[in-house]
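Please open the structure in your viewer and keep the selection tool at hand.

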Amino acid sequence: MAAGLLLLVCAGGLLLPAEAQDSYNQLPTAVRAGVDLALEQLTSHASVKHHFRFLKSVEKKERDEGFGVLYLYHNFHLRPTRCAKGTPASDSRVCHFRNDRPVMDCAVCYKTVNEQIEMTPEPYVHCIQRPRLTAEMTTTRLDHWKKMTYRTGGASIMALSTG
């Protein structure tokens, strides 16, 4: 009985990385591009010693402007893995999660054209360890989304001249 329980616990530990990878793979292409942008920025920091992997989405907002133009806001969690940063990125997707480190809470806000991230306006990326996230940071993140998607409005009947 104890051996069966141990086997079940070990098998469950192997499924968690696979489930997280499946959830990443099930994201739409444009949303996955934002996660990749955050991962790229996060691993570029010298203080980061391990790879991170997508864990779950917290909130997604999108605004379709037509003609393949989409504005996206995605708040999600990344979890550190046991693989050192020097490990090739393709191998990091099979790395097991570390449970002794906090989850990274990330938010990205960006524009895509035909599912490719545009550099104008400049994408916004913010990641911080979940316990250190403040309400002010959350507000700042959403302010970037509002600023990026703000419309000045179009011509109205009041703007037309009669002369």
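Select residues 104-113, which form strand E3. In this predicted model, 9 of the 10 residues of E3 are buried, so the strand is largely enclosed by the rest of the structure. Buried means under 20% relative accessible area, with a 1.4 Å probe and protein chains only. Strands are DSSP runs of E with at least two residues, and helices are runs of H or I with at least four, numbered from the N terminus.

Leu 72 stands opposite Tyr 110 in E3.

Now select residues 124-129, strand E5, which pairs with E3 in the antiparallel sense over 6 bridges. Here Tyr 124 in E5 faces Cys 109.

Which residue of E4 stands opposite Val 113? Select residues 116-117, strand E4, joined to E3 by 2 antiparallel bridges; the residue opposite Val 113 is Gln 116. E3 and E4 form a hairpin with 2 residues between them, and Asn 114 in the turn has a positive phi of about 50°.

Finally, display the whole protein. It contains 4 helices and 5 strands, in the sequence pattern α-α-β-β-α-β-β-β-α. Buried residues account for 34% of its 163 residues.

Residues are numbered from 1 along each chain as its sequence is written. Local features need pLDDT of at least 70, side-chain atom pairs count only at pLDDT 80 or more, totals for chains, interfaces and linings use all residues, and side-chain values use heavy atoms, leaving out hydrogens and water.

Key. Buried < 20%, exposed > 50% of the residue type's maximum accessible area, 1.4 Å probe, protein only. Pairing = 2+ DSSP bridges.
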